[in-house]
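Here is a short briefing to read with the model open beside you.

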Amino acid sequence: MMKKIQRFGGAMLAPVMLFSFFGIVIGFSLLLSNQTIMGDIAAPDTLWYKFWNVVAAGGWTPFFQLPLLFVVGLPISLAKKYAARATMEALVTYIAFNYFVNAILTLWPNTFAVDLSQGTAVGSGLTSIAGIITLDTGMIGALLISGIVVYLHNRFYEKELPEMLTIFSGSVFVTMIAFFVMIPLALLMCVVWPIIQEGMRSMQGFFINSGNFGVFIYQFLQKILIPTGLHHFVYAPFAYDSAVVEGGMAAYWASNIGEFQTSALSLKELYPFGGFSLSGMSKVFGTAGLSLAIIQAAHPEKKKKVIALIAPAALTAILTGITEPIEFTFLFVAPALWGVHALLDASIATVSYAFGVVGDFGGGLINWLGLNWLPLWNFHGSTYLTQIMIGLTFTAIWFLVFTFMIKKFNLKTPGREEDVSEIQLYSKADYENKKKTQQDEQEKNLPKHARQAQAYLVLVGGKENVLDVTNCATRLRLTVKDTSKVASPIDFQEAGASGLVNPGNGGIQIIVGLTVPRVRESFEELIVK
């Protein structure tokens with residue numbers, strides 16, 4: 001069950017990865033069309049102003065079509081075969097579901113705790129999906145329907161029907177089943193979802209009023225759950241759904257940034273729930289401190305090698321907010337550091353919020369510049385100077401605490417491994433497999449991701465040993481029959497990976513980096529050959 005939940009959480013990243021780019025587009029568009037900052041060139045009647053508003057209109061795409069993105073994003077990662085077909089099935093089924101909801105609310109207008117005549121006004125509990133006025137189930141509804149379709153696809157897509165019925169096989173058969181499943185589900189949602197929406201409104205008040213304590217608990221849970229893959233379920237409803245504010249914090253911040261640019265009120269007064277979007281504080285300042293600590297604690301003769309390993313991963317985290325490459329370099333070799341890391345992560349967010357630092361700080365420096373510092377510095381520069389001072393202070397804390405713990409408890413972070421760990425005995429089969437992989441790489445002019453996929457397949461024991469394949473933002477997740485056939489982390493590093501997580505329960509994670517979607521595609525092609 002845990003593996004399935006992890007796969008589900010990782011699949012949610014497929015659409016989320018789009019937000020970094022589109023968020024930057026919106027941020028720069030609003031900045032460049034702001035007359036207060038740009039002067040007369042950005043007056044409402046100028047070509048400059050109109051051009052950047054056109055650009056901004058396109059930038060809103062993922063924010064305004066979020067449910068559809070999650071509907072089509074889930075099958076890409078979770079469908080075991082024919083993911084493109086599963087994506088089409090999920091989209092058609094989701095649209096049918098919303099037509100069912102609309103019809104039920106129209107035909108029985110006084111039966112359910114929602115008034116369809118209100119339209120999509122804020123607080124109505126309704127939204128428009130593909131032109132259909134329906135319940136605003138947001139990301140949760142999209143993932144529920146898409147998850148059901150993926151299950152049906154994996155189970156029934158390849159089912160053989162009698163010859164006279166073959167026209168209904170494949171995607172048609174899956175969609176037929178899903179169609180009839182959606183009717184009772186739509187009715188159930190009309191009964192249950194308005195109650196859930198009321199609960200969400202109550203939760204919004206609770207978290208806003210919980211102040212610093214709420215921020216600390218939220219941020220600690222989000223970080224400590226990363227190894228389980230369950231952290232997506234903590235932050236996603238806050239960032240992209242209505243758990244705290246209607247439409248999600250990401251969309252709310254982006255849509256109101258124009259007002260924030262010129263307001264004399266503090267950012268905390270304008271955006272009081274912004275403490276739940278400060279995870280980037282640890283991604284930037286925490287990453288800098290812990291990276292320097294790992295380098296400092298490495299044995300002198302290994303420092304250059306450690307710098308070569310840590311520097312690219314740290315730079316990725318600081319610039320983009322993708323922290324897994326750096327965090328997974330110490331998570332499983334020194335788990336004690338992970339608990340401390342989570343506490344410091346929660347602490348920097350809480351302290352920052354207490355001193356008035358709020359905004360869309362869920363990513364790295366690129367996100368900070370595009371959606372915070374550049375458009376808002378003119379009126380809120382003092383807040384950002386406070387943020388930098390707090391951040392640098394915590395960078396020093398991270399460095400000192402990590403350096404102390406690594407050396408005091410002799411934790412085996414990169415560069416502190418015993419020499420013997422790099423000397424391993426290999427069987428003749430291991431040697432031949434490794435040689436064959438190297439020869440294949442030399443003989444074939446393949447892209448890097450294809451060469452990596454070939455090497456990883458050999459190192460996990462061949463396709464006969466692989467039961468399941470998926471990925472998250474940076475890791476290739478596999479379920480294997482026999483973990484004893486999986487090679488050592490050093491072998492995977494030599495093949496191009498940043499590391500390997502092999503807890504011995506059949507689920508392994510190869511830390512690949514941001515190219516993991518392409519590596520997975522090549523890996524799956526090799527398996528089905």
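Is Trp 368 buried or exposed? Trp 368 counts as buried, at 0% relative accessibility; buried means under 20% relative accessible area, exposed over 50%, and partly exposed in between (1.4 Å probe, protein chains only). Please keep in mind that this is a predicted model, in which local features need pLDDT of at least 70, side-chain atom pairs count only at pLDDT 80 or more, and totals for chains, interfaces and linings use all residues. Residues are numbered from 1 along each chain as its sequence is written, and side-chain values use heavy atoms, with hydrogens and water left out.

**Aromatic rings**

- The structure holds 25 aromatic pairs, where rings of Phe, Tyr and Trp (its six-membered ring) pair if their centres lie within 6.5 Å, and planes under 30 degrees apart count as stacked, over 60 as edge-to-face and the rest as tilted.
- One of them joins Tyr 218 and Phe 238: the pair is tilted because the planes stand at 55 degrees, with ring centres 4.6 Å apart.
- This pair links distant parts of the chain, 20 residues apart, with Tyr 218 in helix α10 (residues 171-224) and Phe 238 in helix α11 (residues 232-240); helices (H or I, at least four residues) are DSSP runs, numbered from the N terminus.
- Tyr 218 is buried, with a relative accessible area of 5%, and Phe 238 is buried at 7%.
- The rings of Trp 368 and Trp 373 are edge-to-face, because their planes lie at 65 degrees, with centres 5.6 Å apart.
- Trp 373 is buried too, with a relative accessible area of 15%.
- Ring pairs join Trp 368 and Trp 373 in a cluster with Phe 285, Phe 361, Trp 377 and Tyr 384.

**A charge over a ring**

- The charged end of Lys 268 sits over the ring of Tyr 353, 4.1 Å from its centre; the cut-offs are NZ of Lys or CZ of Arg within 6 Å of the ring centre and within 35 degrees of the ring normal.

**Helices α7 and α8**

- The axes of α7 (residues 66-78) and α8 (residues 83-107) come within 8 Å and cross at roughly 150 degrees; axes are lines fitted to C-alpha atoms over the stretch in contact, and angles run from 0 to 180 degrees between N-to-C directions.
- Contact (heavy atoms within 4.5 Å) is made by residues including Leu 68 and Val 72 of α7 and Ala 86 and Leu 91 of α8.

**Asn 372**

- Asn 372 lies in helix α18 (residues 365-408) and is buried, with a relative accessible area of 0%.
- Leaving aside neighbours within four places in sequence, Asn 372 is in contact with residues including Trp 253, Asp 360 and Trp 377.

Key. Helices (H or I, at least four residues) and strands (E, at least two) are DSSP runs, numbered from the N terminus.
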